[in-house]
Amino acid sequence: MIQKRIFSWTNIVSGGLLVQKIAIFLLVTVFFGFSFQQEILAFCGFYVARADAKLFNKASRVVLVRNGKRTVIGMMNDYQGKLKDFAMVIPVPVVLKRQQINVGDAKVFDHLDAYTAPRLVEYHDSNPCEIPEAMDDMTMDKGIRPSGGVSEKESEKKLGVKVEASYSVGEYNIKILSAKYSNGLETWLRRNKYKIPKGANKALQPYIRQKMKFFVAKVNLKKQLKTGLNYLRPLQFAFESEKFMLPIRLGMLNANGEQELLVYVLTKNGRVETSNYRTVKLPSNVEIPEYTKEEFGSFYKSMFDRQVAKQEHKAVFTEYFWDMSWCDPCAANPLSAKELRSLGVFWLDGQNTGQAQKVMATRLHLKYTNKTFPEDLMFQETNDRQNFQGRYIIRHPWNGSPQKCSAAKSYFENLEKWRLTRANTLADLTGWRLADIHKKMRLEPNIRSNGKEWWQKIWN
């Protein structure tokens, strides 16, 4: 039994038990915020927490590398059932050769996730007596034979299914199929012990009409045991195509609730967005109360769910876009040229040392159902090169004396008001009850009532 998360887009439940996840993949392939007047683009605090994939225990992860017509994809499996039940079905544009398929390194996938994750950072207020002019700026705004004595090949012919190629790649047994009929393909998959969802033939039809091939994978249990790993390594493959898209429809069959997907897109020139759904940047660069340092995971999930709801579950969110040669602040070190080549960044040939150049990373995050996302995802690379990251800030107050200077006195007079603003920001972002936030922040009652004494509000 695999305990660590592995890739899929579908939870398939039989008799109340999770028996399989199927991945379907085809890659042919402001909102809210207070403006900071202080200079925080040049980071002078430090990173303290990140919202990586571990927060989302049902989130599938896909790495897409794209330049021109050339595409490399990698899928980090999110499978927790019995390995003998693992199945992956992926529409692809051509019959892939063995050399076009690879088993990747999960650690590099994790590194990319960590590098692009939204982050929490800390600042400490400066001595207002030394920088008095800063005070105004601080306001925050295998297959089986069928019965009846019919041979496997005869059965395949009747079903309209042809095995174009078979490979063994690492711990995976892989077949490349072509099909004439969606119901024939569904029957073939079931006879060969691929436990696909009921009614899959309808979802397969569009891909068969487009004369797509099907990459199907199962786990070779003996080889997997020899790896000594308690998880399945990611599968990668490379090909060329005009289209730049990610089908998600088959993956939603028999899904148990909403699906969650993280897509990391590595390109040469600019930010990637979806062209058939809204792509929205998450709220960023906002100050939140100090206590959220201990609750950052809870904060981020609540904040993300609230933004999804505000967009009526019909948007794709940008969590990160940056030139991969640097970061500010860094939730993890930038990936090396060697790591990026292992992910499929083919334009780095010849670059062996140092940090990689000319690689732009876009991180997209979405929650969806077949109703809110009825179409496959279509992508486009834009000319936008403006860096963006989900960054959330806690600011620790200066611990000096208000009597030290006039600026210090003004600082302390405004401090609680700034704290109130941060409380309101947190409530707006997450939907948490403002009274609960005030209690955790230990805000004084008179501050919570905008400076009025309690008795002033009794009869008004």
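Predicted model: local features only at pLDDT ≥ 70, side-chain atom pairs only at ≥ 80, totals over all residues.

**Entry: Gly270**

I placed Gly270 in the loop between β14 (259-267) and β15. I then checked Gly270 against Arg385, 115 residues apart from it along the chain. Their C-alpha atoms are separated by 5.3 Å.

**Entry: the sheet with β15**

I followed β15 into its sheet. In what order do the 3 strands of this open sheet run? I read β13-β20-β15, with antiparallel pairing. The edge strands are β13 (245-246) and β15 (272-274), and each of these pairs on one side only. I looked up the contact of β15 with β20 (residues 377-381) and found 3 bridges, again antiparallel. Within it, Val272 has Glu381 of β20 as its bridge partner.

I kept one reminder on pairing: strands of a sheet pair through backbone hydrogen bonds, either parallel or antiparallel.

I moved to β9 (residues 161-169) and β10 (residues 172-179). How many bridges pair them? I noted 8 bridges, in the antiparallel sense. Ser166 stands opposite Lys175 in β10. The hairpin has 2 residues between the strands, and Gly170 takes a positive phi near 60° there.

**Entry: helix α3**

I looked up which residues of α3 (residues 182-191) are buried. My list reads Ser182, Gly184, Leu185, Glu186, Trp188 and Leu189. Lys193 follows α3, and I noted its positive phi, near 65°.

**Entry: salt bridges**

How many salt bridges are there? The count is 19. I wrote down a few of them.

- Glu242 and Lys69 meet through their side chains at 2.8 Å, N to O. Glu242 is exposed because its relative accessible area, 57%, is over 50%. Lys69 has 43%, so Lys69 is partly exposed.
- Arg70 bridges to Glu240, with the closest N and O atoms 3.6 Å apart. Arg70 stands at 47% relative accessibility and is therefore partly exposed.
- Arg433 and Asp436 meet at 2.7 Å, N to O. Arg433 is exposed at 53%, whereas Asp436 is partly exposed at 38%.

I also looked for a linked set. Asp125, Glu287, Arg395 and Arg422 form a network of salt bridges.

**Entry: a positive patch**

Which residues gather in a patch of positive charge on the surface? I found Arg98, Lys222, Lys223 and Lys226. I traced Arg98 to the loop between β6 (88-92) and β7 (101-103). Arg98 has 34% relative accessibility, so I marked Arg98 as partly exposed. Patch members need over 30% relative accessible area and no salt bridge.

Key: Residues numbered from 1 in each chain as written. Heavy atoms only, no water. Pairing = 2+ DSSP bridges. Helix = DSSP H or I, 4+ residues; strand = E, 2+ residues; numbered from the N terminus. Patch = residues over 30% accessible without salt bridge, like charges linked within 9 Å, V, L, I, M, F, W, Y side chains within 5 Å. Areas by Shrake-Rupley, 256 points an atom, 1.4 Å probe, with all protein chains shown as cover. Salt bridge = Lys/Arg side-chain N within 4 Å of Asp/Glu carboxyl O. Lys, Arg positive; Asp, Glu negative; His and termini not counted. Charge placed at Lys NZ, Arg CZ, Asp CG, Glu CD. Buried < 20%, exposed > 50% of the residue type's maximum accessible area, 1.4 Å probe, protein only.
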